[in-house]
Amino acid sequence: MFKPLAPFLYWLDSNIYHTGYNPKIHREFPQDNHFAGVLYLTALYLSIAGAAIWTLFDAKRPNYNRLFYWFTLYIRYVLAIVIIIYGFDKLIPVQMPRPDVANLATPIGDLSRFQVLWDFMGISPGYMMMVGAGEVLAGLCLLFRRTFLFGSLLLLVILVNVVAVNCFYNVPVKTYATQLLIYTLFLIIPYAPKLYNIFFKGISTSILPEQYTLNTRLNRNLLKVLLIVVPSILIIPIVIGFSGRFARQAENARNQRIYNVITFVAKDTLPPLTTDTLRWNRLMLFVQGRYAVVFNMENQPMQFEMNTDKIKKTFTFHNGPDSTKWNVFNYSYPAKNQLELTGKWKGQNIDVLMEQQPVDSIPLNREKLIFINDD
């Protein structure tokens, strides 16, 4: 979507901004990155230039009340569509999925702040669903003239929290979340004096916005249809997609496996020493997600993409296109809940016998919600 802008933005940055943007190494998507910086700078300068030109050629107009009304309506609907989608992403819930066993087995000190936040939200989705319900409610309120100010105030509380979380947990959408917060403030600020009178002086006042309409009934009806159809077309397919993601995440969770190493044989059977850089401590397999995580004796994870050949009975672990560095293992199940792998690892022939552990062997996975706690 944004790729066509890359050459133009690269030229601007090379000749004007000098932020160091390079489309060969930087992602062409506006997150907290060089691309977003150049894109937003360009939008800012174009807006300032456009406003100056407009002011120069339209200086005699007494006010822009009608234009302000329609622009506010546009901002309301853009904000509503975005925040409703984000809300359903949490309400279903799929935005922060339940952490897999590899994440749960990784020491918290080895995780990034972002991953800690995502795991914190995903381990008990009820809180995430409540936040999502608030976002959906705020978005729906924005769609209607009588409720949009309430929706804006509710969304202000939500977005202040979102921006704070994004900033302090290194979530790479701080710029975008701040943009949504600015939209929300734009909707609230014109009513600030009236809100001050209501909340701090106890003075009753009407807060309904002035309304402008189109000239003919046909145009008014067409606008109503557009205001219903466009959000529906944008929101409904995405929400349906969230349902599919939820089903896939549930399937992945059911197919994850934990294996603790019983014996690890290279030239000899290797004892479980924490200083051993060859031996495995445990293995996590995600058959549905097609990846595997090997934990060494210091409990540090190494993640690989995984291909399964059920005819040859092999697992192939790889994390790059160079097939000479791929690890191919023959697998077998010598007993119930046991897995044996034979193949090459770090240039040595190995034979690994492992025993499957239940997913609920991780305490956080088996802990239930507690409402009465006398401990």
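Author: Let's start with the second largest pocket: 26 residues line it, and Pro97, Arg98, Pro99, Gln249 and Ala253 lie nearest its centre. One caution: this is a predicted model, where local features need pLDDT of at least 70 and side-chain atom pairs pLDDT 80 or more, while totals for chains, interfaces and linings use all residues. Numbering runs from 1 along each chain as its sequence is written, and side-chain values use heavy atoms, without hydrogens or water.

Reader: What makes a residue part of the lining of a pocket?

Author: On a 1 Å grid over the protein atoms alone, a pocket is an open set of points where a 1.4 Å probe fits, with protein on both sides within 12 Å along at least five of seven lines; a lining residue has an atom within 4 Å of a point. By that rule 26 residues line the second largest pocket. Its volume is about 630 Å³, a volume being the space filled by probe spheres set on grid points joined across faces, edges and corners.

Reader: Which helices each supply at least two residues of that lining?

Author: Helix 5 (113-123), helix 6 (125-142) and helix 10 do. Helices are DSSP runs of H or I with at least four residues, strands are E runs of at least two, and both are numbered from the N terminus.

Reader: On to charges. Why is the Arg245 and Asp89 pair called a salt bridge?

Author: The closest N and O atoms are 3.5 Å apart, and a salt bridge needs a side-chain nitrogen of Lys or Arg within 4 Å of a carboxyl oxygen of Asp or Glu, so the pair qualifies. Arg245 sits in helix 10 and Asp89 in helix 3, 156 residues apart. The whole structure has five salt bridges. Another is Asp58 with Arg61, at 2.7 Å from N to O.

Reader: How do you know whether Asp89 is buried or exposed?

Author: Buried means under 20% relative accessible area, exposed over 50%, and partly exposed in between, with a 1.4 Å probe and protein chains only. Asp89 has 10%, so it counts as buried.

Reader: What does the Glu135 and Lys90 bridge tie together?

Author: Glu135 is in helix 6 and Lys90 in helix 3, so the bridge ties parts 45 residues apart in sequence. The closest N and O atoms are 3.2 Å apart, and Glu135 and Lys90 are both buried.

Reader: What makes Asn170 stand out?

Author: Asn170 is not a glycine, yet its phi is positive, about 60°. It lies in the loop between helix 7 (148-168) and helix 8 and, at 47%, counts as partly exposed. Lys313, also not a glycine, has a positive phi near 55°; it is in the loop between strand 4 (301-309) and strand 5 (314-318).

Reader: Last one: which residues form the nonpolar patch on the surface?

Author: Tyr196, Ile198, Phe199, Phe200 and Ile207, with about 530 Å² of accessible area together. A nonpolar patch joins Val, Leu, Ile, Met, Phe, Trp or Tyr side chains within 5 Å, and like charges are joined within 9 Å; members have over 30% relative accessible area and no salt bridge. The areas come from the Shrake-Rupley method with a 1.4 Å probe, only the protein chains shown counting as cover. Ile207 is in the loop between helix 9 (192-201) and helix 10 (217-254).
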